[in-house]
Amino acid sequence: MCPLTRLARVSAIKVSVIGADGRMGSEVCRAVEAAADTELVGRFDHGDDLGDLAGADVVVEFSVPDASAANVAHCVERGVHVVVGTTGWSEDKLATLRDQVGARPGVGVLIAPNFAIGAILMMSFAQQAARFYESVEVVELHHPDKVDAPSGTAARTASLIGAARREAGLGDVPDATTHDPDGARGARVDGIPVHALRLRGLVAHQEVLFGGTGELLTIRHDSFDRVSFMPGVLEGVRKVADHPGVTVGLEHYLGLA
Ligand SMILES: NC(=O)C1=CN([C@@H]2O[C@H](COP(=O)(O)OP(=O)(O)OC[C@H]3O[C@@H](n4cnc5c(N)ncnc54)[C@H](O)[C@@H]3O)[C@@H](O)[C@H]2O)C=CC1
Ligand SMILES: O=C(O)C1=N[C@H](C(=O)O)C[C@H](O)C1
């Protein structure tokens, strides 16, 4: 860390939250207010003028997939670091963001499909296991108010598994299905079947099932409460300034990638 950055960190990190009235945004506001080294300076939601972002050093963005890219671009243009939890970051959107951030050297953007430490480990374990199993499917389970499917976590998990399988020279997952008019076999992400369940009472859950001859390995993670995401969000807020450019996945801040 450069001496100037260390000096700046003596005072609390000024944080604004976009999507502050939402389930995650409101939890983030509470966590930022409760932490000794962060100060909540701004709360923004749909229809608000983001302006100078209330003078924030770091913005935390949890809105909706259709709005996130424009919100993040607004922050980057003003030289403000951003920690993004919103889903829906396609390769195209990421490429545009990388260009925007490239024009603002020193600005850091963290895009994390999931901030829960157990979910990050689940993805890492799944990536490790992928080359050993002929079959794999991802099942994500969420609250029924979630607007996107499959979840960002499931899509990322499937992409990591797909890449690991290709690297290991594995072919397609075995599946004799020829007749599935209603899509009962789920979606495919990078060739990996992904199934999305929506049930009242749930928060955020995922199973990754690996099948081999005579055995099944199941890796499961459950977030029972949105507080599970907060240590990861705060870690992102503390470290984003030290990671200029665009980073996808909190694992890169945790020494796991
Ligand atoms: N990365 C992670 O660990 C997690 C990510 N998420 C993701 O975060 C996002 C938000 O999830 P929830 O908080 O459950 O949704 P939510 O629907 O409760 O909150 C979204 C908020 O964004 C606001 N909003 C809508 N359009 C906006 C705009 N143009 N500018 C600013 N604010 C706007 C809404 O009014 C609402 O208050 C989703 O994409 C979800 O998948 C959710 C949980 C954990
Ligand atoms: O909408 C949610 O709730 C969640 N969204 C993220 C996702 O789509 O992966 C993270 C977590 O699963 C909760």
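Two strands count as paired when DSSP finds at least two bridges between them. Keep that in mind as we walk through this structure, which is a predicted model.

Let's begin with a sheet. Five strands make up an open sheet, ordered β7-β8-β6-β9-β10, and their pairing is mixed. The edges belong to β7 and β10 (215-223); each has a single partner strand, so one side of each is left without a neighbour in the sheet. On average, neighbouring strands here are turned by 25° against each other, direction ignored. Now look at β6 and β8: they run parallel and are joined by 5 bridges. You can find V139 opposite H195 in β8.

Next, which strands does helix α6 lie across? They are β6, β7, β8 and β9, and the helix runs at about 170° to β6. Helix α6 covers residues 152-167 and reaches 23 Å from its first C-alpha to its last, close to the 22 Å expected. Its buried residues include T153, A154, L160 and I161. These buried residues of α6 pack against strands β6 (135-142), β7 (187-189), β8 (192-198) and β9 (204-212), and also against helix α5 (117-129). After α6 comes G169, which has a positive phi, near 75°. Helix α5, for its part, lies across β9 and β10, at about 160° to β10.

Finally, turn to ligand 1. It is surrounded by 26 residues, and the closest are G19, G22, M24, A67 and G85. Helices α2 (23-34) and α3 (65-77) each supply at least two residues of this shell. By type, the shell divides into 11 nonpolar, 11 polar and 4 charged residues.

Note on methods. Residues are numbered from 1 along each chain as its sequence is written. Chains are lettered from A and ligands numbered from 1 in the order in which they are written. This is a predicted model: local features need pLDDT of at least 70, side-chain atom pairs count only at pLDDT 80 or more; totals for chains, interfaces and linings use all residues. Helices (H or I, at least four residues) and strands (E, at least two) are DSSP runs, numbered from the N terminus. The expected span of a helix is 1.5 Å times one less than its number of residues. A residue is buried if 20 or more other C-beta atoms lie within 10 Å of its own, exposed if 12 or fewer, and partly exposed in between; C-beta atoms are placed from the backbone. Two residues are in contact if their C-beta atoms, placed from the backbone, lie within 7 Å. A residue is near a molecule or strand if its C-beta atom, placed from the backbone, lies within 6 Å of it. Ala, Val, Leu, Ile, Met, Phe, Trp, Tyr, Cys and Pro count as nonpolar, Asp, Glu, Lys and Arg as charged, and the others, Gly among them, as polar. Axes are lines fitted to C-alpha atoms, for helices over the stretch in contact, and angles run from 0 to 180 degrees between N-to-C directions.
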